[in-house]
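User: Hi! Could you walk me through this model?

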Amino acid sequence: MPYKALLTTAALVAGVSGTIWLLSAENKGQFGLHAPANQAPQQPTSRTAGDPHRSASERDNTRPSEPSDNALGFMLASVADDYQQSIRYPDYSVPLSAAQAEAYQGNRYHPVGLPLEDDGLFTVSLEKFRFTRGETILVVASLSGRQVFGNTLSADLETADDQKPATSTVLKATESAGYFEGTLNSDYEPGE
Amino acid sequence: MIVEAKVDGRPVRHASSLTIEPDLGDFEGLGTPYIILVHGFMMDDLSNPPANFEEVQQAGATNWQDYWLNRSEARIDWGSNGRVEGEIAQQAYQQLRQISQQGLCSNYCILVTHSTGDLVTRHILENQARWLQADGLQPLKILAVMDLAGAGGGTELADLAVSVAYNDSWYNWPVKAAVKAFTGIDPQPGKLGVVNDLQTNVARNLAVNPNAIPRLRFVGGGSSYGGITKPFIEGTDDGVVPTHSACGATSAQGIDSCSNSLSMAGKVTGQNGPSGLYYNHYPILMSEGANHGDVITNQTGNTAVPVVNNTVLGGLQVDFASRTYNKRAWWQLWGSGDQYVEVPGSSQTSLSNLLYTTLNN
């Protein structure tokens, strides 16, 4: 029995201490859900540190300094470094980060969602944005929410200017619940 | 030059050489650069399309009159009932010709854009050298572009507008209300003009090439149209343009800040920021309280947060003063509190004035 009382007291003290720490302004841990503030610069970083042709003093001058307590200052310096690096290259050949390279592929389609009643969402996705005449257009749609739907959807292809219908197809339910897909023939007069 | 004098009654001529150069005006440095304005989407052009280009220009002047009109040397006006690669490009081209012929940008100029002006300018930057050289004119020398609430990455409101145009019997009235607030009309297919280009997928597939001219981004986070549009825009927004677009993020994925480590309110903390930024796109200031229209007006009372500071971009010095201070949240009982960053005195001036005065110092 004395041991049980001792354990209870210890647990109580630990609980109170933990609560005090959580409420303290010194607690900047964001409960482990966020990255530290001085992390994750956004632009591609300098790639010249390993240049063997530069002198030791140059390397010392350009060596990244320790991140200061001011996370903003560290980030700004990082951005400035990036621009200094980028203007060294001609327009037709510039270094890109992975995210930039993906963005500049120039033919991407980000799924577009249409909000429905009761928090439902009607999302359509395509493989890409531009299709060459004759290519098959794969259309994938998903529906979520509390509405009642049939088990098929249709997709119509028409011109943007005068809404002249070209072709249509039925999107059939896939094995994944709520997802539908179908294909359209793009062998029509080029345009939007 | 010959100077003649009479010495002892006889003419004596002193000859020396000098040159006379054409008057190119005073070089006032980059502190007072020539400024060219490119406005944003104007909803009135959809409900009441301009009858001629004079009406387009009149609307352009009215759009900027609150702050920038008297601080600029030229404008590129365009009708929002057109498309970026169509009628808008033609209108821009005619004005680019005039600017080149006047030599306004022979000693560099700065473009200031608002909203969709970001997207229009991207198309201009990609093509202006080719367009003008084909006419035997000098391309414009553009030092940098200041994008205020840039819509170059599109907005989800445009995605909805196009869908609503094809759903005349659809009953989701909050979506319809948001779209009507944004476009000013009950959308119909074929009558959305530049809103078609503002769809996220269209905007992000238009004029997508890396460009050497730095794009300096100024981002608002306030509320427009009474807040009815906010629920339909991914991540944070200024009531019209999502933060992913205004910052220049490489993806239309919703984000909350231009920085991974600084909130739009200036709190130094982990954020859902962009995974990447377009090449040469640099977020400079964020202002959580400034809405889409505030960024080009005299609206004060909104604290600005520097994202890039003391940075020389293409010869342009950006030197907003900044400071840090600590603020303790209500639930934090003791300790130093959270760290915030702001531009001192920014709430006493407008975002545009802050930008303009910095450019001129």
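User: How many helices and strands are in chain A?
Analyst: Chain A has four helices and six strands. Helices (H or I, at least four residues) and strands (E, at least two) are DSSP runs, numbered from the N terminus. This is a predicted model, where local features need pLDDT of at least 70, side-chain atom pairs count only at pLDDT 80 or more, and totals for chains, interfaces and linings use all residues. Residues are numbered from 1 along each chain as its sequence is written, while chains are lettered from A and ligands numbered from 1 in the order in which they are written.

User: Thanks! What share of chain A is buried?
Analyst: Of its 192 residues, 10% count as buried (20 or more other C-beta atoms within 10 Å of a residue's own, with C-beta atoms placed from the backbone; exposed is 12 or fewer, partly exposed in between).

User: Over to chain B. Which residues of helix 2 are buried?
Analyst: In helix 2 of chain B, those are Val56(B), Gly60(B), Asn63(B) and Trp64(B). Seen down the axis, the buried residues of helix 2 of chain B fall within an arc of 85 degrees, so they line one face of the helix. That arc is taken from the directions from the helix axis to the C-beta atoms.

User: And the sheet, what is its strand order?
Analyst: In chain B, an open sheet of seven strands has the order 4-3-5-6-7-8-9, with mixed pairing. Two strands pair if DSSP finds at least two bridges between them. Strand 4 and strand 9 of chain B stand at the edges, each with a single partner strand, so one side of each has no neighbour in the sheet.

User: How do strand 8 and strand 9 of chain B run?
Analyst: Antiparallel, joined by two bridges. Met286(B) stands opposite Val305(B) of strand 9 of chain B.
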